[in-house]
Each structure stands twice: as C-alpha cells, then as structure tokens.
Amino acid sequence: EQGLSSSYYHHIVIIMAASKSIRVGVLTGSSASGVACIKKLLSSSSSDTSQHIIVRGCFRTADRAQQVKASLKNNTNNNFESHVGVDAEDMDSLRSAFQDCDRVMAVTPLDHAAGFGQDAAKSIHIIQAAMDCGVKRVVHVGSWTTNYPKSLPLLSPRFVPTETFLKDVVGDQLEWTVLRGGYFMPNLAFAHGESIRSKGSMLPTPNVKIPMVDVRDIGEAAAALLSYSSDDDDDGGDYRSRYHRQFIECCGPELLSHDEMAAAISSATGKNVTWSPFPGDLDAWCNVVKNPIGEELFRHMVAHGGDKGIPSDSSMFASVLGRTPRSLRVHVADHLENFVA
C-alpha cells in the first residue's frame with residue numbers, strides 16, 4: 001500500500017515465517033494416548049505463537065470422532081479436524097487420512113474382537129501409508145515387551161515387527177521415534193477395581209514390583225515429540241539429533257510392589273485399601289486366573305526377580321515430557337470413580 005515503508009513489509013514477512021502451520025494426524029484418535037495427544041497438541045498450539053498446529057484425529061467411525069470432539073475445549077475446536085472411515089487394513093483409507101499431514105502419531109491398533117494376530121501388520125500399514133503421503137515424522141506407540149521377546153512370546157509379536165520395519169526399512173527416509181508403552185495404570189482398575197470398590201481390597205497376586213505409567217503421559221510425550229522443531233527448521237530445533245531413531249521407555253516415577261500400590265490407592269481415595277499375597281505358588285495362581293496374557297506377564301516378572309522385568313528408568317521419558325511422569329496416587333485421584341463405590 002502507498003505510504004508503507006519497506007521495513008513494514010519486512011516485519012510482516014518475519015511474522016509470517018515465524019508462525020508456521022503443521023498438520024498432525026493422530027491414529028487411532030479415540031485411543032487413550034491418542035486423545036491425550038490431541039488435547040495436548042491443541043492446548044500447546046493455542047499458547048505457542050511460533051507454530052500453528054492443526055490436529056487431524058483419524059477414526060474408524062463417526063461416533064468415536066464425535067465423542068472425542070465433544071471432549072475438547074471450545075477454544076481449540078477450530079484447530080481440530082476429524083477424518084472417519086479409517087481402517088488399518090485398508091491402505092487407501094490410510095493414505096486418505098494422512099493426505100497433507102506433516103507428522104503422524106501411530107498408535108498400535110487394538111481390536112479385541114480381531115485378536116492380536118494382525119496388530120503389527122496394521123502398524124506397519126500405518127507407517128507405510130504415512131511414508132507414501134510424504135509425512136516427515138512418525139511417533140509410534142509400541143511396547144516395552146519388545147525388550148523380552150523370548151519370555152513374552154504372546155505379547156511381544158504385536159510390536160517387534162514394527163520396530164524391525166522402522167529400523168530396517170524406513171531408516172532415515174523420515175524422522176521417527178518409538179514410545180514403548182509400559183504397564184498402564186488403567187490396567188490396575190481393570191484387574192482390581194471391582195474388588196477395591198466392593199471389598200476395599202485388591203485381588204491376591206504374586207508380589208512383583210511394577211513401574212506403572214499413566215497413559216495420558218504417553219500421549220503428551222507424543223505431542224511433545226510431534227511439535228518439536230526439526231534440525232533444518234529456522235528456529236534451531238534439534239529433533240533429529242536428539243530423538244530420531246530413539247526408543248523411549250515410558251514408565252512411571254515409582255517402582256511399586258502391590259502393597260505399595262494399595263497404600264497409594266488408600267492415600268488418593270481416603271479409604272483403607274489392602275492387599276494380600278496369593279496363598280500359593282505362581283503355578284497355583286496361574287491355574288486360578290486362567291489368563292494366558294496375565295500368566296505370561298507375571299511369569300516373566302517373577303523370573304526377572306520381580307523388579308527387573310520391566311524397564312523402570314523414566315529419565316528420558318521425563319525429559320521428553322518436561323516434567324516428572326504422573327504418580328499412581330495422582331492417577332487414582334483423577335479417576336476416583338474406578339476405585340470408590
């Protein structure tokens with residue numbers, strides 16, 4: 001416009017360059033870690049003027065998309081878009097979901113009806129589709145079980161092939177990081193919640209120590225990695241040198257035995273919650289629970305001394321989060337309905 005100096009135009013160019021737009025796809029958008037990632041990305045984008053993040057939640061059904069959208073704060077909805085009809089076995093649907101995305105969160109699919117058999121193949125499909133669409137960075141949510149394939153033959157095959165694909169096939173074609181999910185805190189309510197609510201006690205189990213992780217922390221760590229600047233960005237980011245091709249163990253800040261878990265639950269709920277060891281050996285417990293996954297998990301932890309069967313160093317995870325991971329007490333306090341009748 002007439003009367004405006006060249007310095008004015010230079011200032012406008014600087015502002016436009018500083019506020020760059022990034023589209024992040026999250027699949028599956030309805031998973032607990034996916035929802036946490038979406039919320040964190042949206043809240044970060046609304047407070048960070050250096051980059052504008054558009055979040056695309058990817059869902060199988062419109063109902064799930066609507067449920068997630070309804071849970072978002074109103075002031076973040078403008079930066080959220082949903083894509084429905086996504087099927088991890090359908091490459092065309094995946095490519096459609098990731099069209100124009102710069103970065104992708106790829107959560108290992110879980111379909112109880114279909115079983116575990118194809119989960120790794122589905123994860124590889126997701127990553128391959130992201131590559132096909134020119135996505136520049138993938139954060140994959142896998143599992144700590146890849147550290148112990150021999151003693152966890154039921155659990156680890158869901159994740160080992162995906163890590164192998166990233167290392168041997170993807171390589172440096174795009175930036176990637178694996179968040180190895182730990183023993184999820186919600187599993188505690190799933191296994192013991194009914195007994196705690198009705199009897200005030202956890203179920204008897206072998207007494208092993210577990211560094212449980214709040215699933216929200218995994219999603220928020222993914223959000224941090226997905227919003228982290230690349231080495232070739234103008235703002236001097238160093239994602240590639242710090243996190244590319246890294247496997248980050250996601251665990252909580254505490255290594256808790258079951259009696260210590262009961263104490264943490266008691267502190268959070270204000271009610272006395274107890275735990276007693278199973279009155280028998282491990283074989284007897286396995287015969288009672290008749291759960292092949294649970295049996296494999298506890299046999300593994302007992303064989304590794306009870307406190308060395310799950311990675312428990314949360315330092316790198318905390319570095320990504322920028323804070324200490326949530327404790328079990330905090331998790332229970334945030335989900336009292338699962339522990340109090």
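Which residue's side chain meets that of E175 in a salt bridge? The partner is R240, with N to O at 3.7 Å; a salt bridge here is a side-chain nitrogen of Lys or Arg within 4 Å of a carboxyl oxygen of Asp or Glu. The pair links distant parts of the chain, since E175 is in strand β6 and R240 in helix α9 (residues 239-243), 65 residues apart. Helices (H or I, at least four residues) and strands (E, at least two) are DSSP runs, numbered from the N terminus. E175 has 6% relative accessibility and so counts as buried, while R240, at 33%, counts as partly exposed. Buried means under 20% relative accessible area, exposed over 50%, and partly exposed in between (1.4 Å probe, protein chains only).

This is a predicted model, in which local features need pLDDT of at least 70 and side-chain atom pairs count only at pLDDT 80 or more, while totals for chains, interfaces and linings use all residues. Residues are numbered from 1 along each chain as its sequence is written, and side-chain values use heavy atoms, with hydrogens and water left out.

In α6, which spans residues 160-170, the residues T162, E163, F165, L166 and V170 are buried. They lie on the same side of α6, because they cover an arc of only 155 degrees around the axis, the arc being that of the directions from the helix axis to the C-beta atoms. The cover over these buried residues includes α5 (119-132), β5 (137-143), β6 (175-181) and β7 (246-249), where contact means heavy atoms within 4.5 Å. Just after α6, G171 adopts a positive phi of about 55 degrees.

R158 and D119 meet through their side chains in a salt bridge of 2.6 Å, N to O. R158 lies in the loop between β5 and α6 and D119 in helix α5, so the pair ties together parts that are 39 residues apart in sequence. Both residues, R158 and D119, are buried.

Over the whole structure, a search finds 19 salt bridges.
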